Number of protein chains: 2
Amino acid sequence: MAPRPKNPPADRRQEILEAALRLFAQRGYNATTNADIAREAGVTAAALYYYFPSKELLFRTAVSELRSSLLPRVVPMVERVMDMDPEILLPKVLRGVIDFFSEPRTQAILKIIMAEGQRDPAIVKIWEEQMVSVVEVIFPYLLRQMARGRVKQMDPRVVSFMVQGPIMAAVITRDILGIPMLQDVTNEMIVQGIVETTLASLLTNPE
Amino acid sequence: MAPRPKNPPADRRQEILEAALRLFAQRGYNATTNADIAREAGVTAAALYYYFPSKELLFRTAVSELRSSLLPRVVPMVERVMDMDPEILLPKVLRGVIDFFSEPRTQAILKIIMAEGQRDPAIVKIWEEQMVSVVEVIFPYLLRQMARGRVKQMDPRVVSFMVQGPIMAAVITRDILGIPMLQDVTNEMIVQGIVETTLASLLTNPE
DNA sequence: AATTATTAATTGATCGATCAGTAAGGGAGG
DNA sequence: CCTCCCTTACTGATCGATCAATTAATAATT
């Protein structure tokens, strides 16, 4: 009574992962049942156990494969990044960050981390890894430009909050929470605000 | 077999609400069982139904009573706020915002909203109300100071993101997610960074 | 003041529903 | 006919919710 599938079973596993991720992000771990995931993926609940040994491991796998990499987005693909003008590089970084946060994948993982991070610290690690990979490139750059007097002396982590924070706040309140008042605040407006204001006084040589 | 309690039952209801809120914020709605809440409050699960008709309504009541008011914290208790110098008022507002976000209550509600907001949009309303109450005071002030040329012309919502965003990002990544790398970034450092940089170039008359 | 009735607060026992996970097997393709 | 992929059917555990029973405190009656 179990007809072999019409669509190639090669991507069945992937379908399940994607369905799972969508539901986990939407409703949270506990509120998402195996039956929900299976229905969304077009199979029955028992089929999940052909591909994954438990719901918990399905969850972890789905979240792990969510790792969209922030680094290549934030650090432009040029050779000598370390020597780039901050007036050029920082707006590029800014746009990279906003693109990253605008992705449904990023928003999904942010929601999952907030909701399930307490239960499973391994989930938080995924976020941390993203940050660290960027930090390892950007912080040396900032320190160098500070030493050169091109960027105001300041803890790089604080700089990072000042650039990344407004975007994170916007995405959370506007996109994730969906507060109506903020719906027509565009990413462009935020980038412009940060460039004109925060970056403007962060860069000490605005010639 | 159920003796009437020796300790005054006057605050029993409150005890339950507080226990519930703590657990809901920590583990989320579905992962928190009635038995958990009851144990934490020193009663049995059945007792919850003497005070609340359902788990769902216990949850809503707990969250509703969480409303800590942002407004009195952000807008200082002075008569003529509208005429205050932005150099004086904005740092005050900044400190108010950071105090607000540092409260366990605020962090709890932020976690709950992110985790359960999808399931129950009424929860998101609580956050929205907080924002609106502040917006109604701060936005007219900003517009007035912009007209006077004391503050750079900019959408007040963008200004709000630029001031509030870094704090929100810091609290989420440092306090809620607990990322080790950020543990020793103090609120003071962030306030200083925003004042020296973002506010510095937002205020067009830095005499 | 003593006795009795009533109400408030809580328990233990239990029920129905739901859910993660298991077992066994069937059909399609090689 | 064997292996892969998936189903139907089931189980044990858990959870929200209900309920009768029970007692402390309080009010009413004697």
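In which sense, left-handed or right-handed, does α9(B) pass α10(B) in their crossing? In this predicted model, α9(B) passes α10(B) in a right-handed crossing. A crossing is right-handed if the near helix is turned clockwise from the far one by less than a right angle, and left-handed if anticlockwise. Residues are numbered from 1 along each chain as its sequence is written, and chains are lettered from A, with ligands numbered from 1, in the order in which they are written. Because the model is predicted, local features need pLDDT of at least 70 and side-chain atom pairs count only at pLDDT 80 or more, while totals for chains, interfaces and linings use all residues.

**Relation of the two chains**

**Interface between chains A and B**

- In chain B, 43 residues are in contact with 43 residues of chain A; contact requires C-beta atoms, placed from the backbone, within 7 Å.
- On the side of chain B that touches chain A, at least two residues each come from α1 (12-27), α7 (104-116), α8 (121-147), α9 (156-176) and α10 (187-202); helices are DSSP runs (H or I, at least four residues) numbered from the N terminus.
- α9(B) provides the largest share of that side, 11 residues.
- That side of chain B has 25 nonpolar, 11 polar and seven charged residues (Ala, Val, Leu, Ile, Met, Phe, Trp, Tyr, Cys and Pro count as nonpolar, Asp, Glu, Lys and Arg as charged, and the others, Gly among them, as polar).
- The copies meet through the same surface, because 100% of the interface residues of chain B are also interface residues in chain A.

**Packing of α9(B) and α10(B)**

- The axes of α9(B) and α10(B) are 11 Å apart at an angle of about 165°; axes are lines fitted to C-alpha atoms over the stretch in contact, and angles run from 0 to 180 degrees between N-to-C directions.
- α9(B) and α10(B) are therefore roughly antiparallel (over 145 degrees).
- Residues making the contact include B:Met162 and B:Ile167 of α9(B), and B:Ile194 and B:Leu202 of α10(B).
- This contact of α9(B) with α10(B) has nine nonpolar, one polar and no charged residues.

**Packing of α1(A) and α4(A)**

- Helix α1 (residues 12-27) and helix α4 (residues 55-64) of chain A pack at about 90°, with axes 9 Å apart.
- α1(A) and α4(A) are therefore roughly perpendicular (65 to 115 degrees).
- A:Leu17, A:Ala20, A:Leu21 and A:Phe24 in α1(A) meet A:Leu58, A:Phe59, A:Thr61 and A:Ala62 in α4(A).

Definitions and conventions:
Two residues are in contact if their C-beta atoms, placed from the backbone, lie within 7 Å. Angles under 35 degrees count as roughly parallel, over 145 as roughly antiparallel, 65 to 115 as roughly perpendicular and the rest as oblique.
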